[in-house]
Amino acid sequence: MTDFPNDGTKSGGQQWASEAFKGRLAKRHRKETGLKLLGLAALSLAFLMLGILLWTLISGGAQAFRQTHVTLDVPISAEMVDAADPAAGNYRGVIGEAMQATFPDAAPDQMRALSGILSNAAQFVLRDRVVADPELIGQTVEIRVPTSDTYDQLNKGNVDEGSAEATRRLSDEEIRAFRQLEAEGRITLPANWALLTNADSRFPELAGLRGAIIGSFYALLVCFVISFPLGIGAAIYLEEFAPKNKISDVIEVNINNLAAVPSVVFGLLGLAVFLNWFGMQRSAPFVGGLVLALMTLPTIIIATRAALKAVPPSIREAAMGVGASKQQVVFGHVLPLAMPGILTGTIIGLAQALGETAPLLLIGMNAFVTAAPGSPFDASTALPTQIFIWADSPERGFVARTSAAILVLLGFLVLMNAIAIFLRNKFERRW
Amino acid sequence: MKTLGLTATALSVIALSASGAFAQSRDQIRIVGSSTVFPYTQAVAEEFSNQTGAPAPIVESTGTGGGMQIFCSGVGEQTPDLTGASRAMTMSEFELCTQNGVTDITEALIGYDGLAMAVARNSEADWGLTLEQVYLALAAEVPQDGELVANPYSNWSEIDDSLPDVAITVLGPPPTSGTRDAFVELAMHAGCEENEAAMELSEASGNEDWIEENCSRMRTDGPFIESGENDNLIVQRLNTDPNALGIFGYSFLYENTDTLVGVPLDGVEIELATIASGDYPLSRPLYFYVKDAHRGVIPNLQEFVEEYMSDNALGDGGYLSERGLVTLPEDERAELQARVTSGEGDFAAAE
């Protein structure tokens with residue numbers, strides 16, 4: 001050990017305490033701080049943008065998670081509804097009578113406007129109740145039905161009652177009628193479960209995401225069933241069996257390129273091949289799943305190859321050393337160890353497919369369908385295309401519902417990513 | 001390439017086996033076509049399914065032209081039964097249909113749609129435009145000193161002293177939209193014809209298509225802003241900029257009467273009555289077309305057409321007028337109802 005004199009001089013002639021050195025040191029520190037601040041600024045900007053996105057979505061969409069309902073006592077007279085055939089009853093008339101009883105002073109021409117307080121679904125809600133239980137005919141039942149969108153907007157404070165009557169969708173009289181119902185305690189604002197349990201509708205108060213959620217589920221199921229085994233098979237072949245030569249290089253480059261192809265191209269391919277050539281039905285989640293599978297396949301192949309590469313060669317060598325065949329090595333040792341990585345990649349690929357819109361528009365999954373699909377072959381929408389349809393609807397209620405639908409889609413994406421992270425943390429092995 | 005080959009083989013095997021699942025007969029009506037007719041068809045589809053309990057028709061918004069392409073691709077379960085159109089079927093589309101075996105088509109005029117030019121209610125200026133002024137404000141090239149020059153106007157008051165002294169800002173649909181086509185034809189071409197200088201140029205050129213060729217292009221230097229297909233975005237923009245004008249279908253104005261007001265064109269206010277009478281210059285007919293060969297083959301198609309043409313839907317105060325459709329006068333409607341529901345008087349005969 002050599003003793004250096006601790007006076008800031010060094011035998012090599014470098015002056016550690018010299019002014020020039022201090023200046024250089026300060027400069028380096030400044031640069032480091034600058035870099036740190038730049039990184040921090042970039043991160044803050046990203047968070048700010050995310051914050052703005054979430055804030056606009058939540059502030060815009062929050063209202064859609066609650067829906068104004070009105071509670072009515074409806075006497076079901078035997079004159080209007082025949083007990084022999086309850087499905088064919090005049091339920092519109094029954095509701096009209098109930099409204100007349102609620103507003104005994106209203107003239108007949110006012111009744112038409114007042115009936116508009118109730119959603120168009122009221123008569124069908126009542127019909128379904130009576131068909132399920134014909135005993136109700138002759139009795140008075142209490143039903144709770146959504147109000148129509150304009151009154152929902154009124155109840156949520158989106159109508160300026162101070163403005164001139166002509167500039168509002170609701171007249172003073174209609175607002176008074178609504179306030180009367182409110183004073184009688186008939187108006188409630190419960191959670192809007194219809195948003196998740198109803199299929200699409202042209203009435204905002206009835207429209208829900210059920211069809212879109214089930215459609216997206218079927219499409220992702222088809223996508224998974226096709227792309228997962230094919231992707232793993234391709235990756236195993238490329239990683240474990242394929243000779244390293246020009247051809248495998250070309251394939252590798254092609255797969256990487258395929259992963260970067262814009263999704264609309266896959267949509268056009270699906271339109272040309274699945275719809276026009278194979279003659280499959282438009283708007284079916286099955287076709288959507290096929291198109292999304294084409295898109296997800298490269299992602300899965302790349303993720304699987306990376307996961308297989310991460311398994312140390314010593315595992316393969318040890319297995320082969322005790323006489324295992326290559327196939328036994330792959331399926332008995334390498335694949336199980338690589339599985340957490342493969343699953344993570346697959347889930348992230350599927351999450352990407354869930355949010356994909358362009359290819360689905362091309363194969364007609366942006367249709368208006370008022371029933372949830374019963375199988376992958378029934379026409380349906382998917383979550384992103386449902387958002388697309390709602391965003392383009394003129395009714396006020398759809399503005400909030402669009403934001404709400406985006407929140408639901410984001411919720412599913414976060415859930416899928418959380419599953420991917422959980423799987424990785426739980427099963428990942430490090431060597 | 002082996003993986004791709006493998007994938008393709010596997011996919012085609014799956015696809016072929018799946019075609020079997022699709023081959024079973026279709027019990028839903030399938031509808032394509034114009035995005036303007038879409039909300040009305042939607043309404044009929046939902047009402048029809050609620051009333052009858054039949055499976056809800058599948059309605060897809062493809063645009064008028066795109067709808068015609070799919071509609072005319074042939075007869076059979078793989079093809080749609082109905083298409084909506086915001087203009088009449090063209091001769092070339094009809095020829096495409098005939099070539100593919102779609103020979104019997106019934107045309108149904110359901111009503112009219114107005115194109116609104118709207119402005120925020122809190123706009124301080126007093127708006128009222130002629131089509132000529134609209135043309136001069138929005139065309140890419142306007143006549144000046146006997147020749148076409150790049151549009152020099154940046155303020156409304158430069159076009160006419162009576163107009164407000166504010167910058168020209170108009171938000172409208174992109175070229176891919178049927179609304180844009182209608183606007184160009186109804187406002188730009190008509191405005192061009194009202195402009196004397198342009199007409200002189202047209203006559204001097206001796207070219208019949210002069211107007212079509214020279215008055216169709218919208219300016220791209222800023223004052224006209226293409227705002228995508230989403231009309232709700234235009235509505236929101238108008239509320240934040242009181243001097244901006246927006247171009248969209250009447251139904252969007254109808255839903256937003258609390259914040260927006262229509263700009264009178266050629267002195268005519270946009271109202272249900274003026275659109276129906278044709279006095280409002282930007283009104284266009286809306287149609288749907290039915291494949292007669294599918295009637296009685298696709299379950300419920302005939303009933304659906306009857307529902308669409310019923311007084312309940314198309315009549316005064318029917319549920320389509322509640323959605324903003326401008327319906328036909330009663331006598332015309334009755335005649336049309338009979339013709340369309342019987343499937344007589346098909347499109348070829350009407351030509």
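Some ground rules. Residues are numbered from 1 along each chain as its sequence is written, and chains are lettered from A and ligands numbered from 1 in the order in which they are written. Because the model is predicted, local features need pLDDT of at least 70, side-chain atom pairs count only at pLDDT 80 or more, and totals for chains, interfaces and linings use all residues.

Chain A comes in two domains. Domain 1 covers 64-190 and domain 2 covers 210-427. Those bounds come from an automatic or database domain assignment. The centres of the two domains of chain A, taken over C-alpha atoms, are separated by 46 Å. On contacts: 5 residues of domain 1 of chain A meet 7 residues of domain 2 of chain A. Two residues are in contact if their C-beta atoms, placed from the backbone, lie within 7 Å. On the domain 1 side of that contact in chain A, there are 2 nonpolar, 1 polar and 2 charged residues. For the classes, Ala, Val, Leu, Ile, Met, Phe, Trp, Tyr, Cys and Pro count as nonpolar, Asp, Glu, Lys and Arg as charged, and the others, Gly among them, as polar.

Next, the sheet in chain A. What is its strand order? The order is 2-1-3, in an open sheet of 3 strands with antiparallel pairing. Strand 2 (140-146) and strand 3 (187-188) of chain A are the edges; each has a single partner strand, so one side of each has no neighbour in the sheet. Strands here are DSSP runs of E, at least two residues long, and helices are runs of H or I, at least four, all numbered from the N terminus. Two strands pair if DSSP finds at least two bridges between them. Strand 1 (residues 69-75) and strand 3 of chain A run antiparallel, joined by 2 bridges. In that pairing, Val70(A) sits opposite Ile187(A). Helix 4 of chain A packs on this sheet, touching strand 1 and strand 2 of chain A, and its direction makes about 135° with that of strand 2 of chain A.

Stay with helix 4. The axes of helix 2 (residues 91-102) and helix 4 (residues 122-132) of chain A come within 9 Å and cross at roughly 110°. That makes the two helices of chain A roughly perpendicular. The axes are lines fitted to C-alpha atoms, for helices over the stretch in contact, and angles run from 0 to 180 degrees between N-to-C directions. Angles of 65 to 115 degrees count as roughly perpendicular, under 35 as roughly parallel, over 145 as roughly antiparallel, and the rest as oblique. Helix 2 of chain A contributes Tyr91(A), Arg92(A), Val94(A) and Ile95(A); helix 4 of chain A contributes Ala122(A), Gln123(A), Leu126(A) and Arg127(A). By class, this helix contact has 5 nonpolar, 1 polar and 2 charged residues.

Is Ala41(A) buried or exposed? Ala41(A) is exposed, because 10 other C-beta atoms lie within 10 Å. The cut-offs: buried means 20 or more other C-beta atoms within 10 Å of a residue's own, exposed means 12 or fewer, and partly exposed is in between, with C-beta atoms placed from the backbone. Ala41(A) belongs to helix 1 (residues 19-61) of chain A. Its C-alpha is 37 Å from that of Ala338(A), 297 residues apart along the chain.

Now the interface. Chain A gives 36 residues to the contact and chain B gives 36. On the chain A side, the elements giving two or more residues are helix 8 (210-241), helix 11 (285-309) and strand 4 (367-368). That side has 20 nonpolar, 9 polar and 7 charged residues. There is strand pairing between the chains too. Strand 4 of chain A pairs with strand 2 (residues 58-60) of chain B, antiparallel, over 2 bridges. Phe368(A) stands opposite Val59(B) there.

Over to chain B. Its secondary structure comes to 17 helices and 11 strands. Of its 351 residues, 46% count as buried. Domain 1 of chain B is 27-112 + 285-350, and domain 2 is 114-283. Their C-alpha centres lie 30 Å apart. The contact takes 11 residues from domain 1 of chain B and 12 from domain 2 of chain B.

Last, strand 9 (residues 245-249) of chain B. Here 5 of its 5 residues are buried. Strand 4 (residues 105-120) of chain B runs antiparallel to strand 9 of chain B, with 5 bridges. Leu115(B) faces Gly249(B) in that pairing. Strand 7 (residues 170-172) of chain B runs parallel to strand 9 of chain B, with 2 bridges. There Leu171(B) stands opposite Gly246(B).
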